[in-house]
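Student: I would like to learn how to read a structure like this one, feature by feature. Where do we start?

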Amino acid sequence: MESESQLITGYPVLKKTALRLGIITPESSDQEVNAAVQGLESKIKTEKIGSTNIIKIIAKTKRAQEAVELANAVAKVYIEENLLSKTLQARSARQFIE
């Protein structure tokens, strides 16, 4: 579960979250992207809930609604990335078998 927490707070997920929230655009410079990702890193924390496989995403911002939107956006991007990764792994395995 620690690796999943690292993925949630990792660069690819936070970059796509920043894009989704309009913090950056596809035309943003590398410096702008890195600053946005670092800003999000400071606002996002994860916790494993008890002995379950559930990870809580905690966002801390000055406004409650902004924190909710940020945590939900991170969760959605993580889920999409996770599904994409599993789909690619399944395709690769299928091609290997064939």
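Tutor: Start with the order of elements: along the sequence the chain runs α-α-α-β-β-α. That pattern comprises four helices and two strands, where helices (H or I, at least four residues) and strands (E, at least two) are DSSP runs numbered from the N terminus. The model is predicted, so local features need pLDDT of at least 70 and side-chain atom pairs count only at pLDDT 80 or more, while totals for chains, interfaces and linings use all residues. Residues are numbered from 1 along each chain as its sequence is written, and side-chain values use heavy atoms, with hydrogens and water left out.

Student: What share of the 98 residues counts as buried?

Tutor: The share is 27%. Buried means under 20% relative accessible area, exposed means over 50%, and partly exposed lies in between (1.4 Å probe, protein chains only). The chain exposes about 7000 Å², of which carbon and sulfur atoms supply 53%; these areas come from the Shrake-Rupley method with a 1.4 Å probe, and for residues only the protein chains shown count as cover.

Student: How do I read a core, and which residues have the most contacts inside the largest one?

Tutor: In soluble globular proteins, nonpolar side chains tend to be buried together. A nonpolar core is a set of buried Ala, Val, Leu, Ile, Met, Phe, Trp, Tyr and Cys residues joined through side-chain atoms within 4.5 Å. Here the largest nonpolar core has 19 residues, and I8, L14, I44, I57, A59, L70 and V74 have the most contacts inside it. The elements giving two or more residues to this core are α2, α3, β2 (55-59) and α4. Helix α4 gives the most, with six residues.

Student: Which residues does I44 contact, leaving aside neighbours within four places in sequence?

Tutor: Contact means heavy atoms within 4.5 Å. On that basis I44 is in contact with T9, L14, I57, I58, A59, L70 and V74. For the chain as a whole, take the contacts with a separation of 6 or more: residues 24 or more positions apart account for 47% of them.

Student: How do I read the buried face of a helix, and which residues are buried in α2?

Tutor: An α-helix has 3.6 residues a turn, so residues three or four places apart point the same way. In α2, V13, L14, T17 and A18 are buried. They lie on the same side of α2 because they cover an arc of only 135° around the axis, the arc being that of the directions from the helix axis to the C-beta atoms. After α2 comes G22, with a positive phi near 80°.

Student: Beyond that helix, where is S28, and is S28 buried or exposed?

Tutor: S28 sits in the loop between α2 (11-21) and α3 (30-41). S28 is buried, at a relative accessible area of 17%. The side chain of S28 reaches the backbone nitrogen of T25 at 2.8 Å. Such a polar contact is a pair of N or O atoms within 3.5 Å; within protein, one must be able to donate a hydrogen and the other to accept it, and residues adjacent in sequence count only if both atoms are side-chain atoms.

Student: How many salt bridges does a search of the whole structure find?

Tutor: Side chains of opposite charge can pair when their charged atoms come close. A salt bridge is a side-chain nitrogen of Lys or Arg within 4 Å of a carboxyl oxygen of Asp or Glu. The search finds five. In one of them R20 pairs with E80, with the closest N and O atoms 2.7 Å apart. This pair links distant parts of the chain, R20 in helix α2 and E80 in helix α4 (residues 64-97), 60 residues apart. R20 is partly exposed at 42% relative accessibility, and E80 is partly exposed at 41%.
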